[in-house]
Amino acid sequence: MMGAGDLPDGTAPPVQGARVDWEAVRHRMARRNAELWEVFDGRGPWADAVLERRAAELAERPDAPDAKSTGIPMLVARGEATVYGLELRHLGHIVPMPRLARVPGAAPAVLGVIAVAGRVMRLFDLDRLCGGVGATPGGEGSREDAGYAVVLRMGGARPAALRVSAVDRVADIEPPRADAPEEAGQFVKAITKDRMAILDMGALLEFVKS
């Protein structure tokens, strides 16, 4: 039970002799407020723990314990009308769509810029990159503020992210041996029997770096 002189976080204020050290109190409260804002912004150890737990939940599969997978770990994500497979090793954070700022004169596939974990980056619409009808920037019926931003591992290049409509699961997927038909676009290297578009992450990363 909190005493009459306790702080809002339940701790007693620091004292110097019989006096409260209000400077230390203000410092402690400022630090706690900063930690809370990190949580609200999707940053900090608390948010990281939630993301790690979510990734572990997505990774759970009903495979037999002794089954050996020969597939590639991929994130299965959805566009407006297409299911995509993205190799996990090229991906960083996955966050609900942050606030989007439009960039006048940007390429059609660039929805604008967003901020994730304190980093400002361009946001590409994955459907538009792959030749489909993606989010409509601004205006009536806009879907640009819905879905998820998938942050790419860019090495030393400018940070960038992909917008997808939904994130389904993490799974080991074995791409088909046959290449995707030419009409599938330059960033789709294969299409599975269940119509999943397996992305050529190398080509896609080179494109967004330019």
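Predicted model: local features only at pLDDT ≥ 70, side-chain atom pairs only at ≥ 80, totals over all residues.
Two elements each give two or more residues to its lining: strand 11 (188-191) and strand 12 (196-199). Among the lining residues are Val188, Ile191, Met196 and Ala197. Others that line this pocket include Thr82, Tyr84, Cys130, Gly132, Pro181, Glu183, Ala184 and Arg195.

Sorted by class, the lining consists of 8 nonpolar, 2 polar and 2 charged residues.

Asp127 belongs to helix 3, which covers residues 126-129. The residue is buried, but Asp127 has no salt bridge. The nearest side chain of opposite charge is that of Arg163, at 5.0 Å. A salt bridge needs a side-chain nitrogen of Lys or Arg within 4 Å of a carboxyl oxygen of Asp or Glu.

The side chain of Asp127 does make a polar contact, at 2.6 Å, with the side chain of Tyr84. Tyr84 is also one of the residues lining the second largest pocket.

Arg163 sits in strand 9, made up of residues 160-164. Its relative accessibility is 3%, so Arg163 counts as buried; the cut-off for buried is under 20%.

Two polar contacts involve the side chain of Arg163. One is with the side chain of Glu80, at 3.3 Å. Another is with the side chain of Asp125, at 3.4 Å.

Technical notes
Residues numbered from 1 in each chain as written. Heavy atoms only, no water. 1 Å grid on protein atoms, 1.4 Å probe; cavity = no way out; pocket = protein on both sides within 12 Å on 5 of 7 lines; lining within 4 Å. Helix = DSSP H or I, 4+ residues; strand = E, 2+ residues; numbered from the N terminus. Nonpolar A, V, L, I, M, F, W, Y, C, P; charged D, E, K, R; others polar. Buried < 20%, exposed > 50% of the residue type's maximum accessible area, 1.4 Å probe, protein only. Lys, Arg positive; Asp, Glu negative; His and termini not counted. Polar contact = N/O pair within 3.5 Å; in protein donor to acceptor, adjacent residues only side chain to side chain.
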